[in-house]
Amino acid sequence: MHTRRFFFKSSAAAMFGFGAMPGWLSRAASRTVRGRKVLVAIFQRGAVDGLNMVVPFGDPNYYALRPAIAIPKPDGTGESAIDLDEFFGLHPSLAALKPVYDSKVLAIVEAAGSPDPTRSHFDAQDYMESGTPGRKATADGWLNRALPQVAGRPSPVRAVSLGTALPRALRGHNDALAMSNLNQFQVREASASGTFESMYEGALDQTMKGAGRETFEALKMVQTIQRQPYAPANQARYPNGRFGQALQQIARLIKADVGLEVAFTDVGGWDTHVNEVGARPSQGQLANLLGNFGQSLAAFQQDLGDRMADVLVVTMSEFGRTARENGNRGTDHGHANVMLVMGGDVRGGKVYGDWPGLGPEQLYEERDLAVTTDFRDVLGELVAGGLGNRDLAAVFPGYTPRFRNLL
Amino acid sequence: MHGQMRFIISMRSSRFAAGFLAAAMAIQPAMAAASFQQKMPKDREVLHALDRLTFGPRPGDVERVEQIGLKKWIEQQLHPERISENPILAGKLAPLESLTLSEAETVRRYPPQQVIAALADGRAPLPADPKARAAVERLVAKYKARKGMDPGAGEPESKTPITDILTRPQIMTLRRGTPDEKRQLLGSLGPGKLDDLFTALPRPQRQGIMAFVPTDTRRKLLWLNAPPAVINYDLSEAKVYRAVYSERQLQEVLADFWFNHFNVFFDKGADRFLLPAYERDAIRPHVLGKFRDLLGATAKSPAMLFYLDNWQSVAPDRVPRGRRARGLNENYARELMELHTLGVDGGYTQKDVTEVARCFTGWTIKAPRTDGGYQYNDRLHDRGSKVVLGVTIPAGGGEDDGERVLDILAHHPSTARFISRQLAIRFVSDDPPAALVDRMAKTWMKKDGDLRAVMKTMLESKEFWSEGSLRAKVKTPFEMVISAVRAMNADVDFAFPLANQTAQLGQPLYRKIEPSGYSSLSVDWVNSAALVSRMNFAMALAQNRIPGIAVDMSRFTGDPEQVAKSILFADISPATRAAIQKALDTNDQPVTPALVAGLLLGSPDFQRK
């Protein structure tokens, strides 16, 4: 581990020359001294059914509301919930996350969500990414605002989204990169690259000159990573699919010590109105998606090994789904959901949040799980405690997050 | 390497280096505000006009405008109906059927999964057109068959492996064949086999196939997989074709401006079906007309009513029987004032937002997912009196309450100023001088929001023709892509890949989520990932690597100066010139006109206009 990291640092330093080493690079090199963490935000687009993802098997109403699609109480088989604390259990397809939970690296926050009542995917995603529920005018995203102010020039790869477009959460005045793949972030013709670089370098047009300089720095940075063949450590195996690959690339960026501070990626397909659960609990749309989701997260944690101490992962989804199943073995748009928080310094192995219950008088608008933890409480704690940005009034304007002591 | 045929540009160093300093002076964006008082050089005016009023000059455009006369050409562009349209364009648009349909017929012919499910249960109407009806019936049959197989399956699993569809040699042809061989192979497959092949291929490879089949087949392949995707295809293709080929360039630039001003997001539910009619009927007819008409058309359009939720807004005390209480929705009212008319500092309060929302209660949609037409429903309307920006709207106005609000907003001085400034930002500079905005606003107030008159004031202003305006704008991704295609005089047989390129550069067409639309400020487009994508697009285009786009390099001689001149239509900046010179001087690789062209399209010079 140490030799590899040393190699990256020295190769990056050699690239710029030791004397000319940019400020962000020396900051990246002294990362461990600073003790700041890389924050990885994951968005489950389409509204995952949190009640079947982390199953409240201890709440009898759960089974009353979902006669056809409830996940059975833990019975040791692969067709039942995996017990966590005698009240909540993981969906059987999330088996890969059980050891992570047991090793106290994974925390679960129940009944978390947005206070805004909207059940529109579009609006709810927008609100969750802007970090300002109910306010459409917000121009930037919470994750961009979460980046701490630094003296001097920041790393060109401090904020990265794995995906084709820059997500709402990362938009804003701090530079952020979107790339669908580390290997695609390059000028495809190597010969043209040098010519482009000198064009932009010499431009009298200051806007273009500045953008060019940042771009070619970022390109070189990523190139040093690209040149290293990457093999996940600790026998970690990322499953096929875009999400697992995205997490692998984030792991690669983290291990390369190039100044990554925040990363974002998303995973879709959770809008399970029909056939959410198949003939058996381990089958159907949700089971397939969760299998891939859990294995990807577990692989990421395994791959990073000790480096998980420098990383915080958080998952979110725009809203939960109806407590009651619908007529098509599925669920409709609801309210509160579940969030996962993973990291070496997380007080894991515990389910957080006040459980509001699923009784008729306990449900939000008589149909959905009520929100007892604002999603900004979770994000705010990670931004302050992980990124070291204590100006939460700027990150979540108009809201004061209440920490849940996850860290 | 030596034995190989290498096309090396002959170097004419002395000429190439001439005019070095003169170019350096002319090309730089001016910084000081005083520069808006200083006239740009006379010989830059035609190119400046082409840069701003079109999607970029094509070869020969500068000469054409000079021949017509700059003043007369601008006058023509302000009256698009007087320009005879490029005959190529009509042919390109003809197959894009969804653009011509009503909202109701669009849902029927391009049904999403839910509607197909409803059709299977007999709960939704079929298309009126018999051919379209038969096709939809086949889709429904396919759906029923699939549903019967496995209730647990999320994705259809019954993909035929590619080796069952094609022989080995055929697969090789598809992989490595020439365009003609591919075209021939795909043409020889029947429609059924083509569909199987399309379904069997991973998504990124589908586009590769689409380039070698006719437009009708492309649409059909898309349709069989996800019918609503065809609507996005049609919209994107039409937008690209119009921008590339239309002779009425200013009209197209304005259609882009005004759609963006009244932005609607394609992927918000029913808006997929409502968007073609929105652009066609609410935006395009009014871009040089009266603002009040444009505003009214957007306000009543099902697309906007759905996008900003007004169709669900109900007077708090008037919940219709059998429906869940929903109450007032302020979304449209707020954006109407903040983004569409007054501007965020235009002098309205939260109370005004609520009052405006009350006025628009009852402006709704018949049935967004099946019919889509605008409807005023009096039972949802708030019948009390309202006060909007100090004006009392008496009780009992019904549908007219909304019209009154639009009258007030369209003629408000804040609106005149806010929109004049938006236009000046698009056409003059990122931070246009207040004096110009004031004069445009004055015209607005005098001419009852006549958008042509406001444009005219701007185009006749000294600021538009000043040093401060010259090359002051960075191209948006769409402008960059289209201007490159036009500069290269490329032949576009398949426009969708260009829309994908635009998305790759950061501006997916019809997919801006926020009602604010896309920014036209340089700070929002100049960033690392976007710049790399611009360079890669430039190289791919010049080297004919974009499917469906053909670039003819034969018009370029071996002279780099000539290549530069015919792409930039002006002298190149010293740094760009020096960098290309260096590439020419380094002998370890062939330098073709295509490479020079790619370098120029990706240069800092080409990113500005």
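Two strands pair if DSSP finds at least two bridges between them. The model is predicted. Chain A contains 14 helices and twelve strands, whereas chain B contains 33 helices and six strands.

**Chain A overall**

- Chain A has 407 residues and a radius of gyration of 22 Å, which agrees with the value near 22 Å for a compact globule with that number of residues.
- The C-alpha trace of chain A spans about 70 × 45 × 35 Å along its principal axes.
- Of the 407 residues in chain A, 55% are buried.
- Among contacts in chain A between residues at least 6 apart in sequence, those joining residues at least 24 apart make up 72%.

**Chain B overall**

- Chain B has 609 residues; a compact globule with that number would have a radius of gyration near 25 Å, and the 27 Å of chain B agrees.
- Taken along the principal axes, the box filled by the C-alpha atoms of chain B is roughly 85 × 70 × 40 Å.
- Buried residues account for 48% of the 609 residues of chain B.
- When contacts in chain B between residues at least 6 apart in sequence are considered, 71% join residues at least 24 apart.

**Contact between the chains**

- Chain A contributes 43 residues to the contact and chain B contributes 42 residues.
- On the side of chain B that touches chain A, at least two residues come from each of α28 (496-504), α29 (528-542), α31 (574-585), α32 (593-601) and α33 (604-607) of chain B.
- That side of chain B is made up of 23 nonpolar, 16 polar and three charged residues.

**Strand β8 of chain A**

- Strand β8 of chain A covers residues 262-267, and six of its six residues are buried, so β8(A) is largely enclosed by the rest of the structure.
- A:Val262, A:Phe264 and A:Asp266 point one way from β8(A), while A:Ala263, A:Thr265 and A:Val267 point the other way; all are buried.
- β8(A) pairs with β1(A) in the parallel sense over six bridges, and A:Ala41 stands opposite A:Phe264 of β8(A).
- β8(A) also pairs with strand β6 (residues 159-162) of chain A, in the parallel sense and over four bridges.
- A:Thr265 in β8(A) is the bridge partner of A:Leu162.

**Strand β9 of chain A**

- Strand β9 of chain A, residues 311-316, is mostly covered, with six of its six residues buried.
- One side of β9(A) carries A:Val311, A:Val313 and A:Thr315, the other carries A:Leu312, A:Val314 and A:Met316, and all of these are buried, so that both faces are covered.
- Strand β1 (residues 38-44) of chain A pairs with β9(A) in the parallel sense over six bridges, and A:Phe43 has A:Met316 of β9(A) as its bridge partner.
- β9(A) runs antiparallel to strand β10 (residues 337-343) of chain A, and three bridges join the two.
- In β10(A), A:Met342 is the bridge partner of A:Val313.

**Open sheet in chain A**

- The strands β2, β4 and β3 of chain A form an open sheet in the order β2-β4-β3, with antiparallel pairing.
- β2 (54-55) and β3 (82-83) of chain A are the edge strands, each pairing on one side only.

**A helix pair in chain B**

- Two packed helices are described by the angle between their axes and the distance between the axes.
- The axes of helix α3 (residues 45-53) and helix α5 (residues 70-78) of chain B cross at roughly 10° and come within 11 Å.
- Angles under 35 degrees count as roughly parallel, and therefore α3(B) is roughly parallel to α5(B).
- α3(B) supplies B:Glu45, B:Val46, B:Ala49 and B:Leu53 to the contact, and α5(B) supplies B:Leu70, B:Ile74 and B:Gln77.
- By class, the contact of α3(B) with α5(B) consists of five nonpolar, one polar and one charged residues.

Methods
Residues numbered from 1 in each chain as written. Chains lettered and ligands numbered in written order. Predicted model: local features only at pLDDT ≥ 70, side-chain atom pairs only at ≥ 80, totals over all residues. Buried ≥ 20, exposed ≤ 12 C-beta atoms within 10 Å, placed from the backbone. Rg over C-alpha atoms; globule rule 2.2 N^0.38 Å. Contact = placed C-beta atoms within 7 Å. Nonpolar A, V, L, I, M, F, W, Y, C, P; charged D, E, K, R; others polar. Axes fitted to C-alpha atoms, helices over the stretch in contact; angles between N-to-C directions. Parallel < 35°, antiparallel > 145°, perpendicular 65-115°, else oblique.
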